[in-house]
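User: I would like to learn how to read a structure like this one. Please take it one feature at a time.

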Amino acid sequence: MKAFRLRDRFFAACFLTWLVVPAFGQQTDSGQSLGDVARKLRKDTTDEVKMTDADTKRLFESVDRIFAFAAEDTGMPQHAAVKRRLVSKADVESYAAGQMAKKDLPSKSSA
(Lines give C-alpha, C1' and ligand atoms only; values in the text may rest on other atoms or scores of the structure.)
Protein backbone atom coordinates (compact mmCIF):
# COMPACT_ATOMS: atom_id res chain seq x y z
CA MET A 1 0.00 0.00 0.00
CA LYS A 2 2.84 2.39 0.83
CA ALA A 3 4.46 1.73 -2.56
CA PHE A 4 1.17 2.56 -4.25
CA ARG A 5 0.99 5.91 -2.49
CA LEU A 6 4.59 6.70 -3.44
CA ARG A 7 3.83 5.83 -7.06
CA ASP A 8 0.75 8.09 -7.02
CA ARG A 9 2.81 10.94 -5.62
CA PHE A 10 5.48 10.42 -8.25
CA PHE A 11 3.00 10.55 -11.14
CA ALA A 12 1.23 13.54 -9.60
CA ALA A 13 4.57 15.34 -9.36
CA CYS A 14 5.35 14.46 -12.99
CA PHE A 15 1.94 15.74 -14.11
CA LEU A 16 2.28 18.99 -12.15
CA THR A 17 5.79 19.50 -13.52
CA TRP A 18 4.43 19.00 -17.02
CA LEU A 19 1.87 21.75 -16.35
CA VAL A 20 4.11 24.21 -14.50
CA VAL A 21 7.37 24.11 -16.49
CA PRO A 22 5.88 25.80 -19.58
CA ALA A 23 4.44 28.52 -17.33
CA PHE A 24 7.89 29.35 -15.94
CA GLY A 25 9.28 29.58 -19.45
CA GLN A 26 6.57 32.06 -20.39
CA GLN A 27 7.15 34.09 -17.25
CA THR A 28 10.79 34.74 -18.03
CA ASP A 29 10.13 35.54 -21.69
CA SER A 30 7.35 38.09 -21.24
CA GLY A 31 7.98 39.39 -17.70
CA GLN A 32 4.47 38.43 -16.57
CA SER A 33 3.76 37.22 -13.06
CA LEU A 34 3.05 33.54 -12.50
CA GLY A 35 -0.58 34.39 -11.65
CA ASP A 36 -1.01 36.21 -14.97
CA VAL A 37 0.44 33.27 -16.84
CA ALA A 38 -1.84 30.83 -14.99
CA ARG A 39 -4.92 32.92 -15.79
CA LYS A 40 -3.92 33.11 -19.46
CA LEU A 41 -3.31 29.36 -19.64
CA ARG A 42 -6.65 28.64 -17.97
CA LYS A 43 -8.46 30.97 -20.37
CA ASP A 44 -6.65 29.68 -23.47
CA THR A 45 -7.14 25.96 -22.85
CA THR A 46 -9.26 24.02 -25.28
CA ASP A 47 -12.01 21.73 -24.11
CA GLU A 48 -10.51 18.64 -25.65
CA VAL A 49 -7.10 17.78 -27.05
CA LYS A 50 -7.16 15.65 -30.16
CA MET A 51 -4.53 12.92 -30.01
CA THR A 52 -3.57 10.70 -32.89
CA ASP A 53 -2.83 7.00 -32.45
CA ALA A 54 0.88 7.79 -32.82
CA ASP A 55 0.66 10.43 -30.07
CA THR A 56 -1.09 7.95 -27.80
CA LYS A 57 1.54 5.29 -28.45
CA ARG A 58 4.38 7.73 -27.68
CA LEU A 59 2.62 8.90 -24.51
CA PHE A 60 2.23 5.36 -23.20
CA GLU A 61 5.84 4.52 -24.08
CA SER A 62 6.91 7.57 -22.06
CA VAL A 63 4.86 6.33 -19.11
CA ASP A 64 6.68 2.98 -19.33
CA ARG A 65 10.07 4.71 -19.36
CA ILE A 66 9.15 6.94 -16.40
CA PHE A 67 7.82 3.98 -14.43
CA ALA A 68 10.97 1.96 -15.15
CA PHE A 69 13.15 4.88 -14.10
CA ALA A 70 11.19 5.39 -10.88
CA ALA A 71 11.50 1.71 -10.00
CA GLU A 72 15.22 1.71 -10.70
CA ASP A 73 15.84 5.00 -8.90
CA THR A 74 13.92 4.04 -5.75
CA GLY A 75 14.98 0.40 -5.77
CA MET A 76 11.36 -0.65 -5.50
CA PRO A 77 10.15 -3.51 -7.70
CA GLN A 78 7.51 -3.09 -10.37
CA HIS A 79 4.67 -5.24 -9.06
CA ALA A 80 2.20 -4.43 -11.82
CA ALA A 81 2.04 -2.58 -15.10
CA VAL A 82 0.56 0.91 -15.27
CA LYS A 83 -3.05 0.82 -16.40
CA ARG A 84 -3.49 2.90 -19.53
CA ARG A 85 -6.57 4.90 -20.35
CA LEU A 86 -6.98 8.27 -21.99
CA VAL A 87 -9.47 10.46 -20.18
CA SER A 88 -10.92 13.89 -20.78
CA LYS A 89 -10.43 16.98 -18.68
CA ALA A 90 -14.00 16.61 -17.37
CA ASP A 91 -13.22 13.04 -16.23
CA VAL A 92 -10.18 14.23 -14.27
CA GLU A 93 -12.10 17.11 -12.69
CA SER A 94 -15.00 14.88 -11.62
CA TYR A 95 -12.60 12.27 -10.19
CA ALA A 96 -10.69 14.94 -8.24
CA ALA A 97 -13.92 16.46 -6.94
CA GLY A 98 -15.11 13.02 -5.82
CA GLN A 99 -11.84 12.32 -4.03
CA MET A 100 -11.95 15.70 -2.29
CA ALA A 101 -15.56 15.07 -1.24
CA LYS A 102 -14.54 11.72 0.29
CA LYS A 103 -11.83 13.43 2.33
CA ASP A 104 -14.23 16.12 3.55
CA LEU A 105 -16.78 13.62 4.88
CA PRO A 106 -16.42 12.94 8.62
CA SER A 107 -15.58 9.34 9.40
CA LYS A 108 -18.09 7.22 11.33
CA SER A 109 -15.49 6.11 13.86
CA SER A 110 -14.66 9.66 14.97
CA ALA A 111 -18.19 10.34 16.30
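Analyst: Start with burial: a residue is called buried when its relative accessible area is under 20%, exposed when over 50%, and partly exposed in between. Keep in mind that this is a predicted model.

User: Is Thr 56 buried or exposed, and why?

Analyst: Thr 56 is buried, because its relative accessible area is 15%. This residue sits in helix 3.

User: Which residues is Thr 56 in contact with, leaving aside its neighbours within four places in sequence?

Analyst: Contact means heavy atoms within 4.5 Å. With those neighbours set aside, Thr 56 touches Met 51 and Leu 86.

User: Where does Leu 86 lie?

Analyst: Leu 86 is in the loop that runs between helix 3 (53-74) and helix 4 (89-104). Its relative accessibility is 44%, so Leu 86 counts as partly exposed.

User: What do Met 51, Leu 59 and Leu 86 form on the surface?

Analyst: A patch of this kind takes in residues with over 30% relative accessible area. Here Met 51, Leu 59 and Leu 86 form a nonpolar one, and together they have about 240 Å² of accessible area.

User: How many helices and strands does the protein chain have?

Analyst: The protein chain has 4 helices and 0 strands, giving the pattern α-α-α-α along the sequence.

User: What share of the residues in the protein chain is buried?

Analyst: Of the 111 residues in the protein chain, 6% are buried. The accessible surface of the chain is about 9700 Å², and carbon and sulfur atoms account for 60% of that surface.

Technical notes
Residues numbered from 1 in each chain as written. Predicted model: local features only at pLDDT ≥ 70, side-chain atom pairs only at ≥ 80, totals over all residues. Heavy atoms only, no water. Patch = residues over 30% accessible without salt bridge, like charges linked within 9 Å, V, L, I, M, F, W, Y side chains within 5 Å. Areas by Shrake-Rupley, 256 points an atom, 1.4 Å probe, with all protein chains shown as cover. Salt bridge = Lys/Arg side-chain N within 4 Å of Asp/Glu carboxyl O. Helix = DSSP H or I, 4+ residues; strand = E, 2+ residues; numbered from the N terminus. Buried < 20%, exposed > 50% of the residue type's maximum accessible area, 1.4 Å probe, protein only.
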